[in-house]
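Please look over the sequence and the fold below before reading on. The paragraphs after them walk through a few selected places in turn.

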Amino acid sequence: MIRDLTNAESDRAVSPVIGVILMVAITVILAAVIGTFVLDLSNSAGNNAPSASLSVDADTTNDEIDIEHKGGDGLNSENTRVKVEVAGSPVTFEPESTNQSVLSVGSTAVVALDFGTNNAERLDWDGSGNYYWNGGDTITGGVSSGQQVTVTLIDTDSQRVIYETTITA
């Protein structure tokens, strides 16, 4: 009486049980991955800073810092903070909501140092020649050849840096 091993009845239910366990495990893992992805998207929705390609140049003759918009999203004056530091002396231009304008591709924003009779820093955001923004601090002496100039643009909605660079005047 040799037992027929091919018809062993004790092994019949193993394959379906393993299959069900694997299907449940795959479903749980897939739900966790999708849930994490969806929750991450909902947390970051609306908090994206604009993306822009900019270039910065220091004009030592006119004591100006030029910020040229080369490409990408337009930068609205209502939610963009501009920080300029010349030789360790900083000035910050807070967002301007009174005279809203957009720095768009092809436009150049101009930071005038030692502007006018009171030597206050001013910012012409859209290149229109209208210097609306007044910096709270002063950079004494403008910008001279060889000085380090750091320019940082920050999106105030997301508190993310849009652009930052350091150049030598």
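Predicted model: local features only at pLDDT ≥ 70, side-chain atom pairs only at ≥ 80, totals over all residues.

Residues are numbered from 1 along each chain as its sequence is written, and side-chain values use heavy atoms, with hydrogens and water left out.

Helices (H or I, at least four residues) and strands (E, at least two) are DSSP runs, numbered from the N terminus. Two strands pair if DSSP finds at least two bridges between them. Strand β4 runs antiparallel to β10 (residues 148-155), with seven bridges joining them, and Lys83 stands opposite Thr152 in β10. Strand β4 is also joined to β5 (residues 89-93) by five bridges, again antiparallel, and here Glu85 stands opposite Pro90. Two residues lie between β4 and β5 in this hairpin, where Ala87 in the turn has a positive phi of about 50°.

The next topic is the core. A nonpolar core is a set of buried Ala, Val, Leu, Ile, Met, Phe, Trp, Tyr and Cys residues joined through side-chain atoms within 4.5 Å. The largest one has 25 residues, of which Ile65, Ile67 and Leu153 touch the most other members. Among the elements that give two or more residues to this core are β4, β5 and β10, while the largest share, four residues, comes from β1.

Salt bridges, in which a side-chain nitrogen of Lys or Arg is within 4 Å of a carboxyl oxygen of Asp or Glu, come to a count of two. One joins the side chains of Glu68 and Lys70 at 3.6 Å, N to O; Glu68 is partly exposed, at 29% relative accessibility, and Lys70 is partly exposed as well, at 48%. In the other, the closest N and O atoms of Arg81 and Glu94 are 2.9 Å apart. That pair links distant parts of the chain, 13 residues apart, with Arg81 in strand β4 and Glu94 in the loop between β5 and β6. Arg81 is buried, at 17% relative accessible area, whereas Glu94 is partly exposed, at 43%.

Definitions and conventions: Buried < 20%, exposed > 50% of the residue type's maximum accessible area, 1.4 Å probe, protein only.
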